[in-house]
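Please look over the model below before reading the numbered points.

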Amino acid sequence: SRNRAPQRRQALHGRGAMKLNIANPNTGAQICIEIDDEKRLRALYDKRISQIVDGSDLGEEYAGYIFRISGGNDKQGFPMKQGVLTSNRVRLLLDKDVSCYRPRRKGERKRKSVRGCIVGSHISVLNLVVESKGDAEIPGLTDVQIPRRLGPKRASKIRSLFNLGPEDDVRKYVIRRRFEKKGKTISKAPKIQRLVTPVVIKRKVRRETEKLSKLQQSQLAEANYMRLVAQRAQEAREARRSEISRRRSSRRASTRA
């Protein structure tokens with residue numbers, strides 16, 4: 001009976017509704033719907049993260065839409081992890097290079113409980129992304145346009161956003177964020193990444209010059225070293241020859257005597 005109790009609790013938790021968080025990247029909007037119809041939920045079961053779901057299986061109002069599964073959580077709050085090919089919960093040793101874990105110390109690893117990437121009846125919240133829009137509008141998802149809170153930071157992305165040329169100054173087109181704080185209007189702008197300025201070009205030229213000078217110095221030092229080695233070898237050969245000639249002359253003098 002003790003072994004059957006967790007299975008009964010698991011079976012009870014497996015029943016019920018499922019929440020769907022549907023996000024639309026084109027509009028920036030997101031809605032949350034709840035489905036308690038088991039017939040509709042069967043269309044989601046046994047599907048994995050990154051697989052496609054036909055919107056007509058979720059209801060007539062989503063006919064023509066195509067959604068992509070991007071993740072989810074089970075009824076106890078454990079997240080789904082890509083690459084774990086099961087619908088059960090497993091304990092994995094995670095580090096800083098994988099998802100579902102954020103280390104607090106350098107080199108720290110920890111065994112954490114995660115849910116597999118296969119959708120089952122134990123999933124409480126499932127995240128979907130709109131891949132293709134249908135004919136009808138979905139209120140709050142496709143009929144609204146939410147502006148982006150932050151603009152691009154990289155210089156190339158700012159140029160592509162405003163269709164700028166090489167002669168245009170990117171710093172004049174950065175998107176600033178304005179907000180009220182203590183009765184004052186504060187404006188903030190992001191630091192532009194990969195911005196090529198005269199200072200950056202000068203630093204690059206200096207690095208290349210230092211690199212070339214170090215290469216030339218190393219080549220000169222190598223040439224001096226090889227010259228010194230050849231000189232030492234020549235001196236050793238001359239000393240050897242003089243030693244051999246001295247021995248021969250002493251041997252001849254002894255034979256004559």
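**Notes on the model**

1. Tyr 65 is buried, at a relative accessible area of 0%; buried means under 20% relative accessible area, exposed over 50%, and partly exposed in between (1.4 Å probe, protein chains only). Phe 67 also counts as buried, at 0% relative accessibility.

2. On the basis of these notes: this is a predicted model, in which local features need pLDDT of at least 70 and side-chain atom pairs count only at pLDDT 80 or more, while totals for chains, interfaces and linings use all residues. Residues are numbered from 1 along each chain as its sequence is written, and side-chain values use heavy atoms, with hydrogens and water left out.

3. The structure holds three aromatic pairs. Rings of Phe, Tyr and Trp (its six-membered ring) pair if their centres lie within 6.5 Å; planes under 30 degrees apart count as stacked, over 60 as edge-to-face and the rest as tilted. Tyr 65 and Phe 67 make a stacked pair, with 6.0 Å from centre to centre and 5 degrees between the planes. Ring pairs also bring in Tyr 62, giving a cluster of Tyr 62, Tyr 65 and Phe 67.

4. Another pair consists of Phe 162 and Tyr 173: the ring centres are 5.7 Å apart and the planes stand at 45 degrees, so this pair is tilted. Phe 162 belongs to helix H3 (residues 155-162) and Tyr 173 to the loop between H3 and strand S8 (177-181), so the pair links distant parts of the chain, eleven residues apart. Helices (H or I, at least four residues) and strands (E, at least two) are DSSP runs, numbered from the N terminus. Phe 162 is partly exposed at 36% relative accessibility, and Tyr 173 is partly exposed at 34%.

5. Side chains of opposite charge can pair when their charged atoms come close. How many salt bridges does the structure hold? There are nine, a salt bridge being a side-chain nitrogen of Lys or Arg within 4 Å of a carboxyl oxygen of Asp or Glu. One of them joins Glu 131 to Arg 68, with the closest N and O atoms 2.6 Å apart. Glu 131 is in strand S7 (residues 123-132) and Arg 68 in strand S4 (residues 66-74), so the bridge ties together parts that are 63 residues apart in sequence. Both ends are partly exposed: Glu 131 has a relative accessible area of 43% and Arg 68 has 26%.

6. Are Arg 115 and Asp 74 buried or exposed? Arg 115 is buried, with a relative accessible area of 4%, and Asp 74 is buried at 3%. The two form a salt bridge whose closest N and O atoms are 3.0 Å apart. Arg 115 sits in strand S6 (residues 110-115) and Asp 74 in strand S4, so this bridge ties together parts 41 residues apart in sequence.

7. Lys 133 and Glu 137 also meet through their side chains in a salt bridge, at 2.8 Å from N to O. Lys 133 is partly exposed at 44%, as is Glu 137 at 43%. Elsewhere, salt bridges with shared partners join Asp 74, Arg 89 and Arg 115 into one network.

8. Most residues other than glycine have a negative phi. Ser 50 is not a glycine, yet its phi is positive, at about 85 degrees. Ser 50 lies in the loop between helix H2 (38-41) and strand S3 (52-54), and is partly exposed at 43% relative accessibility.

9. Cys 100 has a positive phi near 70 degrees. The loop between strand S5 (89-94) and S6 holds Cys 100, which is partly exposed with a relative accessible area of 29%.
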